[in-house]
Amino acid sequence: MKHGIRPTKKESEVIKIHKLRPSNWLIFKNLPDELHLVHRDSGNTRVISK
């Protein structure tokens, strides 16, 4: 499983826009145009655009 860090307030707002719950997702890669997320429990990954 990839390790991630908690999202910042701005990142949490972006996650909310994509209809996800920020408390369930960790960020393992932060690129200028997209966020790479990993789910806390299941380990599923997801890429969302900013």
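**Exercise 1. Which backbone nitrogen does the side chain of His39 reach?**

Before we start, a word on the model. It is predicted, so local features need pLDDT of at least 70 and side-chain atom pairs count only at pLDDT 80 or more, while totals for chains, interfaces and linings use all residues. Residues are numbered from 1 along each chain as its sequence is written, and side-chain values use heavy atoms, with hydrogens and water left out.

*Solution.* 
- Step 1: Find His39 in strand 2. Helices (H or I, at least four residues) and strands (E, at least two) are DSSP runs, numbered from the N terminus.
- Step 2: Follow the side chain of His39 to the backbone nitrogen of Asp41, at 3.1 Å. This is a polar contact: a pair of N or O atoms within 3.5 Å, where, within protein, one must be able to donate a hydrogen and the other to accept it, and residues adjacent in sequence count only if both atoms are side-chain atoms.
- Step 3: Check the accessibility. His39 counts as buried because its relative accessibility is 16%; buried means under 20% relative accessible area, exposed over 50%, and partly exposed in between (1.4 Å probe, protein chains only).
- Step 4: Look at the surroundings. Not counting residues up to four places away in sequence, His39 touches Asn24, Trp25 and Asn44. Contact here means heavy atoms within 4.5 Å.

**Exercise 2. Find the buried residues of helix 1 and say where they lie around the axis.**

*Solution.* 
- Step 1: Helix 1 spans residues 9–17, and its buried residues are Glu11, Ser12, Val14 and Ile15.
- Step 2: They cover an arc of only 160° around the axis, so they sit on the same side of helix 1. The arc is that of the directions from the helix axis to the C-beta atoms.
- Step 3: Recall a general rule. An α-helix has 3.6 residues a turn, so residues three or four places apart point the same way.
- Step 4: Turn to the other side of helix 1, where Lys9, Lys10, Lys16 and Ile17 are exposed.
- Step 5: Ask what the buried residues of helix 1 pack against: strand 1 (25–30), strand 2 (34–39) and strand 3 (45–49).
- Step 6: Zoom in on Ser12, which counts as buried because its relative accessibility is 15%. Leaving aside neighbours within four places in sequence, Ser12 is in contact with Pro7 and Pro22.
- Step 7: Lys19 follows helix 1 and has a positive phi, near 60°.

**Exercise 3. Work out the order of the strands in the sheet and which ones stand at the edges.**

*Solution.* 
- Step 1: The three strands make an open sheet in the order 1-2-3, with antiparallel pairing. Two strands pair if DSSP finds at least two bridges between them.
- Step 2: Strand 1 and strand 3 are at the edges, each with a single partner strand, so one side of each has no neighbour in the sheet.
- Step 3: Strand 1 and strand 2 are paired by five bridges, and they form a hairpin with three residues between them. Asn30 has Leu35 as its bridge partner in strand 2.
- Step 4: Strand 2 and strand 3 are also antiparallel, joined by five bridges. Here Leu35 has Ile48 as its bridge partner in strand 3.

**Exercise 4. Trace the polar contacts of the Lys50 side chain.**

*Solution.* 
- Step 1: Locate Lys50 in the segment after strand 3.
- Step 2: The side chains of Lys50 and Asn30 are joined by a polar contact of 2.8 Å.
- Step 3: A polar atom of the Lys50 side chain also lies 3.3 Å from the backbone oxygen of Leu31.
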